Amino acid sequence: MVFRNILLCAMLFGTRHKRRPSGGAAIVRQATIDDVPAIVSLERDSPLASHWSEAAYRTAFEPGAPTRMVLVCRDEDQTTGRKNLLQGFLLARISGGECELENIVVAGHFQRRGIGTQLMQALIKAALEQRALQIFLEVRESNAAARSLYAKLGFQITNRRQSYYNHPTEDAFLYALALKESGD
Ligand SMILES: CC(C)(COP(=O)(O)OP(=O)(O)OC[C@H]1O[C@@H](n2cnc3c(N)ncnc32)[C@H](O)[C@@H]1OP(=O)(O)O)[C@@H](O)C(=O)NCCC(=O)NCCS
């Protein structure tokens with residue numbers, strides 16, 4: 001258990017963040033309902049993302065809604081003229097000791113610069129704070145980028161669902177990251 005926590009700490013705090021295209025600082029923070037239009041626009045541009053209606057995203061911010069983490073990464077560099085540009089977001093549901101990653105998208109122009117890693121590290125930290133025992137997710141078999149990201153963060157394949165996705169039909173791989181040993 002101690003060893004697992006040391007590994008998680010190394011993953012959360014030990015990763016060197018790659019240089020931003022603008023050279024400025026991108027920050028990950030909790031989203032507000034004002035972020036929803038940009039989230040929807042980014043999600044629509046990503047065929048591999050899960051697709052939700054704008055109303056469904058808005059529901060995540062309603063009082064009494066199931067506990068969700070909505071995290072955004074925005075460019076705070078004032079020199080680009082694109083201050084507050086949404087670079088990426090993720091959405092996860094935390095319930096009953098489990099955290100399910102429901103969506104993660106990084107804008108094409110900003111991919112491969114560590115933003116997906118930063119978002120996932122923030123989710124792991126939040127899930128630990130909420131005493132979740134694991135984070136799980138499902139992903140298309142052919143989604144090499146996402147699968148590599150999850151594997152780098154320590155996620156393990158737990159199952160495979162045949163022909164789970166449509167358009168095109170494809171298997172899903174289920175991944176999980178154990179955060180704590182049960183009974184701990
Ligand atoms: C998956 C996604 C969120 C990754 O975001 P990102 O900011 O590019 O990820 P990072 O820069 O943090 O990359 C971390 C690791 O992921 C892997 N990775 C990311 N992009 C990759 C690519 N195009 N090909 C192969 N591996 C890739 C690499 O292992 C990378 O580490 P490295 O750059 O040191 O080799 C992004 O590609 C994306 O938005 N894809 C479309 C939406 C999607 O597929 N969502 C997941 C649905 S389950």
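Read along the sequence, the protein chain follows the pattern α-β-α-α-β-β-β-α-β-α-β-β, with 5 helices and 7 strands. Helices (H or I, at least four residues) and strands (E, at least two) are DSSP runs, numbered from the N terminus. The model is predicted: local features need pLDDT of at least 70, side-chain atom pairs count only at pLDDT 80 or more, and totals for chains, interfaces and linings use all residues. Residue numbers start from 1 along each chain as its sequence is written.

**Whole chain**

Start with the protein chain, where buried residues make up 28% of the 184 residues. A residue is buried if 20 or more other C-beta atoms lie within 10 Å of its own, exposed if 12 or fewer, and partly exposed in between, with C-beta atoms placed from the backbone. Of the contacts with a separation of 6 or more, 63% are between residues 24 or more positions apart. Two residues are in contact if their C-beta atoms, placed from the backbone, lie within 7 Å.

**The ligand**

Select the ligand and the shell around it. The ligand is surrounded by 21 residues, the closest being L48, Q111, G116, T117 and A145. A residue is near a molecule or strand if its C-beta atom, placed from the backbone, lies within 6 Å of it. By class, the shell has 11 nonpolar, 7 polar and 3 charged residues. Here Ala, Val, Leu, Ile, Met, Phe, Trp, Tyr, Cys and Pro count as nonpolar, Asp, Glu, Lys and Arg as charged, and the others, Gly among them, as polar.

Now colour the shell by element. β4 (98-106), α4 (115-129) and α5 (144-152) each supply at least two of its residues. The largest share, 6 residues, comes from α5.

Select β3, residues 86-95, in which 8 of the 10 residues are buried. On one side, β3 pairs with β2 (residues 68-75) in the antiparallel sense over 7 bridges; strands count as paired if DSSP finds at least two bridges between them. M69 has A92 in β3 as its bridge partner. β3 is also joined to β4 by 8 bridges, and these two strands run antiparallel. Here R93 stands opposite E100 in β4. In the hairpin of β3 and β4, 2 residues lie between the strands, and G96 takes a positive phi near 55 degrees.

Move along β4 to E102. E102 counts as partly exposed because it has 17 other C-beta atoms within 10 Å. Leaving out residues up to four places away in sequence, E102 touches S50, L91, A92 and R93. The C-alpha atoms of E102 and A92 are separated by 5.1 Å, although these residues are 10 apart along the chain.

Select α4 next. This helix has 15 residues and reaches 21 Å from its first C-alpha to its last, close to the 21 Å expected at 1.5 Å a residue. The expected span is 1.5 Å times one less than the number of residues. Its buried residues are I115, G116, Q118, L119, M120, Q121, L123, I124 and A127. Just after α4, R131 takes a positive phi of about 60 degrees.

Show L119 with its contacts: leaving aside neighbours within four places in sequence, these are V28, L71, C73, G88, L90 and I104. L119 is also one of the residues that touch the most other members of the largest nonpolar core, along with L71, F89, L90, L123 and I135; this core has 43 residues. A nonpolar core is a set of buried Ala, Val, Leu, Ile, Met, Phe, Trp, Tyr and Cys residues joined through C-beta atoms within 7 Å.

A122 also lies in α4. A122 is partly exposed because 18 other C-beta atoms lie within 10 Å. Beyond its neighbours within four places in sequence, A122 is in contact with V28 and L71.

Finish at strand β6, where S163 is placed. Phi of S163 is near 50 degrees, a positive value in a residue other than glycine.

Go on to H167, in the loop between β6 and β7. H167 also has a positive phi, near 50 degrees, and counts as exposed because it has 6 C-beta neighbours inside 10 Å. A cis peptide bond, with omega of about 0 degrees, joins H167 and P168. P168 is found in the loop between β6 (156-165) and β7 (170-178).
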